[in-house]
Amino acid sequence: MNDWPDKISRGSDLASDWHTFLHQSSEPAFKRIYTHYYDYFSFIGNKRGFHAVLVQDTVNEIFLYIWENSTRLMHVKNHHNYLISSFLHKLYKDDSIKTEDIAALTDLPESLLVPSVETVHIYNNNNAKYTQALLNVVNQLPERQRLMIYQKFYLGLSYNEISEANDVSVNTVYNTVYKAISNLRAIIDDEDLLLFSLISAFLIFFLFFFNKG
Amino acid sequence: MDQTQSENLLKDESFINYCLEKNENDTLYWRNWINDHPDAQPEITKLKIHVISLGITAAQQQRESQYLLLQQSIKRPYQNIKKLKPYHKFYYAAACLLAFAIVGACFIFANKTATSNYSTNKKHDVAPGGNNAVLLLANGEKINLTSAKTGLLAHQKEVSIFKNADGQILYKANNQSNGVDGPSVGTNTIETPAKGQYMVVLPDGTKVWLNAKTTLKYPETFAKNSREVELNGEGYFEVAHLADPKTGERVRFTVKTISAVNINSKIQYIEVLGTHFNVNCYPDEPDAVTTLLEGSVKVTDGDQKREALLHPGQQLINGDRSFNVVQANTDAAIAWKNGEFVFHEDISSALRKIARWYDVDVVYLPSAPQHLMLGGFISRQNELSEVLNLMESTGKVHLKLEGRRVLVTE
């Protein structure tokens with residue numbers, strides 16, 4: 001399940017995928033674009049206070065449209081700007097969103113959207129058993145709780161933003177986040193798998209400090 | 001580090017931000033913290049791995065399941081989608097109506113029980129605050145802005161002060177002089193009491209809304225190359241763009257805030273060009289909070305050691321030991337300006353807002369809940385008892401109004 005790419009992709013890196021998708025109707029390329037913009041749009045939509053379900057539906061509507069109308073989109077050279085502005089127009093349901101607003105969102109700092117190199121490194125160095133245990137924990141979570149874990153531990157949204165996006169109290173978010181972590185700890189501690197990942201983490205930690213020094 | 005401590009870390013927003021490296025200030029803070037607490041490092045590392053790995057796994061699963069949904073709708077025949085749409089709308093409408101009906105019923109029901117239970121608070125209620133402020137001129141003259149008549153209020157050397165029909169006060173330059181070269185002549189001060197709020201248009205066109213118990217000091221006329229005001233309390237600023245007629249450069253606007261929380265009295269400088277932002281620096285609040293809605297501001301602390309550049313939607317929390325930039329709930333931050341209380345906070349923080357707006361004292365009895373997070377909103381035009389009822393509807397706290405005191409019990 002360690003299929004996380006070593007190199008972090010950016011929206012603009014997907015230009016070749018966009019081209020492949022338009023000219024060859026390639027599904028893998030389409031999926032790569034989807035995967036990237038799913039995070040991007042979830043971040044923007046939830047930040048702007050839209051309901052999480054509405055944001056998800058809008059993302060899928062946009063991509064459904066793109067899939068069905070790929071031949072009509074041949075002229076779109078800058079897929080990044082095209083996707084963001086069509087997402088925002090759909091989300092706001094009208095033209096109330098200003099062009100400078102869209103411009104500001106098209107170059108959102110990368111650090112807000114994708115995990116840092118160090119975190120990806122940590123993840124890729126987890127051992128297989130740990131990764132499997134993680135998957136089990138995540139699979140056991142109800143869909144809503146998984147969404148909140150995603151919003152908190154991946155998108156890095158604040159508790160307030162998450163509570164607004166999911167229509168629950170801040171306390172519920174706290175408890176969900178905390179419960180998921182303690183589930184994970186219970187499983188790991190039971191099987192005593194942590195040792196391996198700890199060693200690898202220490203290595204990374206010291207490497208990091210030596211580099212700094 | 002024991003179990004509870006590490007569990008608390010997992011709920012800590014700044015700790016999670018450090019794990020994900022989403023926020024420079026938090027990352028720096030925790031790196032320093034680890035340097036100071038080397039024995040906690042193994043536990044911290046362990047927690048960090050959990051946070052990161054859980055996040056990435058959840059993200060993968062989340063995308064996979066959503067992509068699956070997308071594939072399903074791609075494979076569905078086109079006509080079906082068309083047909084379904086009107087029904088969808090009907091269901092949405094029906095669901096909305098039902099939701100409204102339920103909410104309405106809850107409201108009516110809750111109100112009934114609330115008033116019958118806590119009618120004691122209703123007997124001697126406290127009315128909300130209103131537009132109320134005092135203007136202190138450079139020559140020591142005091143003008144009560146509430147009772148003053150519409151029209152000319154005062155005639156100073158450089159400017160005349162008017163009150164318009166809406167009750168706002170306006171500054172007009174006397175002889176087309178747009179600012180002076182040297183330091184300004186005198187200082188004007190606007191003070192809002194407890195239960196007071198006021199909106200003022202400064203000589204440069206900048207609009208400032210002042211919350212209760214707030215003092216704003218500003219020069220009678222701004223200098224040509226810089227504008228400086230001093231704030232104590234809470235204010236929302238809409239700074240006017242202003243360019244120096246000679247150089248064409250934008251004229252800086254600086255807000256200096258002093259909050260006497262720390263012994264070394266916390267001072268901070270907020271430097272802006274033309275923008276909308278809210279500053280909360282009450283002496284009784286633990287943190288001075290600057291929330292940016294538009295434009296950009298730079299905040300520097302008193303001894304110039306730390307500074308932060310804010311982007312719209314961000315908030316700087318300048319507290320006892322923290323100087324953190326976080327994503328803000330902007331609606332909650334400027335709710336007071338729009339005549340609302342929006343509670344997204346601890347009960348004690350919410351009660352401090354109430355104390356200032358209704359001019360009451362809050363007394364915590366020993367059984368009062370220590371940490372109770374509140375969420376909700378209500379208009380500031382309500383009587384105090386309504387607001388207290390809303391807080392009591394959590395079922396975890398009792399608030400009793402005795403004269404000018406609110407007693408907090410379990």
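Begin by selecting residues 214–219 and 226–232 of chain B in this predicted model, where strands β10 and β11 run antiparallel to each other and pair over 3 bridges. The link from β10(B) to β11(B) is a hairpin of 6 residues. If you then display the side chains of B:K217 and B:E230, you will find B:K217 standing opposite B:E230, the latter belonging to β11(B).

Next, step back along chain B to B:K213, which sits in the loop between β9 (207–210) and β10. Most residues other than glycine have a negative phi. Is B:K213 buried, exposed or partly exposed? Its relative accessibility is 48%, and B:K213 therefore counts as partly exposed, given that the exposed class begins only over 50%.

Move on to B:T275, in the loop that lies between β14 (266–272) and β15 (276–280) of chain B. With a relative accessibility of 2%, B:T275 counts as buried, because that class takes in everything under 20%. Which residues is B:T275 in contact with, once neighbours within four places in sequence are left aside? Select B:F237, B:E238 and B:V239 together with B:L292, B:E294, B:G295, B:S296 and B:V297, and you have the contacts of B:T275 beyond those neighbours.

Now turn to chain A, which has 11 helices and 0 strands. Of its 213 residues, 51% are buried, and its accessible surface comes to about 10,300 Å², with 55% of that area belonging to carbon and sulfur atoms. Among the contacts in chain A with a separation of 6 or more, 70% are between residues 24 or more positions apart.

Within chain A, select A:S25 in the loop between α1 (15–24) and α2 (27–47). A:S25 has a positive phi near 50° and is not a glycine, while its relative accessibility of 45% means that A:S25 counts as partly exposed.

Finish at helix α9 of chain A, residues 159–166, which is mostly covered, with 6 of its 8 residues buried. To see which residues these are, colour A:Y159, A:E161, A:I162, A:S163, A:A165 and A:N166. Just after α9(A) comes A:D167, whose phi is positive, at about 60°.

Methods
Residues numbered from 1 in each chain as written. Chains lettered and ligands numbered in written order. Predicted model: local features only at pLDDT ≥ 70, side-chain atom pairs only at ≥ 80, totals over all residues. Heavy atoms only, no water. Helix = DSSP H or I, 4+ residues; strand = E, 2+ residues; numbered from the N terminus. Buried < 20%, exposed > 50% of the residue type's maximum accessible area, 1.4 Å probe, protein only. Contact = heavy atoms within 4.5 Å. Areas by Shrake-Rupley, 256 points an atom, 1.4 Å probe, with all protein chains shown as cover. Pairing = 2+ DSSP bridges.
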